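Here is a short briefing on one protein chain.

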Amino acid sequence: MIKQIGKTPILEKHTASCHCGKVVLELSLPNGVEKPRRCDCSICRRKGAIVASVKLDGIRILQGEESLKLYQFNTHTAKHYFCSHCGIYTHHQRRSAPDEYGYNLGCLDGVNPYELGDVPLMDGVNHPADQQ
Ligand SMILES: [Zn+2]
């Protein structure tokens, strides 16, 4: 359970924001930062973000809902959200676990995700939903 990253304590209600600040989210993180990872699937390898998990009811949009854009591809199961002004990916509804959002750890206020050190790499190229 990760309750602190660098000098920043992870709050039970921690805010997250895009780069320009139009989009502000409140994340419910009673267990701190869970399952931080990187992923090498076609979209994650391009955005390069370190992602962690939160339950679907664990994200509240405090402001900027109108600035969030939805991007979908392939099976159109996952929902990828990004700020339409600054282009920063904030969160996505996961395909491998649709009851969870992944969120951009770098958007958590005060958090430098690189202070986590080594983060596991998910094998997104061989996604379970693509194995028929
Ligand atoms: Zn923005």
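The protein has 1 helix and 12 strands. This is a predicted model. From the N terminus, the order of elements is β-β-β-β-β-α-β-β-β-β-β-β-β.

**Overall dimensions**

- The radius of gyration is 14 Å, which agrees with the value near 14 Å for a compact globule of 132 residues.
- Along the principal axes, the C-alpha atoms fill a box of roughly 45 × 35 × 25 Å.
- Of the 132 residues, 26% are buried.
- Take the contacts between residues at least 6 apart in sequence: 58% of them join residues at least 24 apart.

**Nonpolar core**

- The largest nonpolar core holds 25 residues.
- Ala16, Leu27, Val33, Val51, Tyr103 and Leu105 have the most contacts inside this core.
- At least two core residues come from each of strand S4 (24-28), strand S6 (51-55), S9 and strand S11 (100-104).
- Tyr103 touches Ala16, Leu27 and Val51, and also Ala52, Val54, Thr90 and His91; residues up to four places away in sequence are not counted.

**Ile50**

- Ile50 sits in the loop between helix H1 (44-47) and S6.
- Is Ile50 buried or partly exposed? Ile50 is partly exposed, because it has 18 C-beta neighbours inside 10 Å and a buried residue needs 20 or more.
- Beyond its neighbours within four places in sequence, Ile50 is in contact with Pro36, Arg38, Leu105, Gly106, Pro113 and Val119.
- One of these partners, Leu105, is also listed among the core residues with the most contacts.
- Ile50 and Gln63 are 13 residues apart along the chain, and their C-alpha atoms are separated by 23 Å.

- Lys35 is not a glycine, yet its phi is positive, at about 55°.
- Lys35 belongs to strand S5 (residues 34-39).
- Lys35 counts as partly exposed, because it has 15 C-beta neighbours inside 10 Å.
- Asn74, a residue other than glycine, also has a positive phi, near 55°.
- Where is Asn74 placed? Asn74 lies in the loop between strand S8 (68-71) and strand S9 (79-83).
- Asn74 has 13 other C-beta atoms within 10 Å, so Asn74 is partly exposed; the exposed class stops at 12 or fewer.

Technical notes
Residues numbered from 1 in each chain as written. Predicted model: local features only at pLDDT ≥ 70, side-chain atom pairs only at ≥ 80, totals over all residues. Helix = DSSP H or I, 4+ residues; strand = E, 2+ residues; numbered from the N terminus. Core = buried A, V, L, I, M, F, W, Y, C linked by C-beta atoms within 7 Å. Contact = placed C-beta atoms within 7 Å. Rg over C-alpha atoms; globule rule 2.2 N^0.38 Å.
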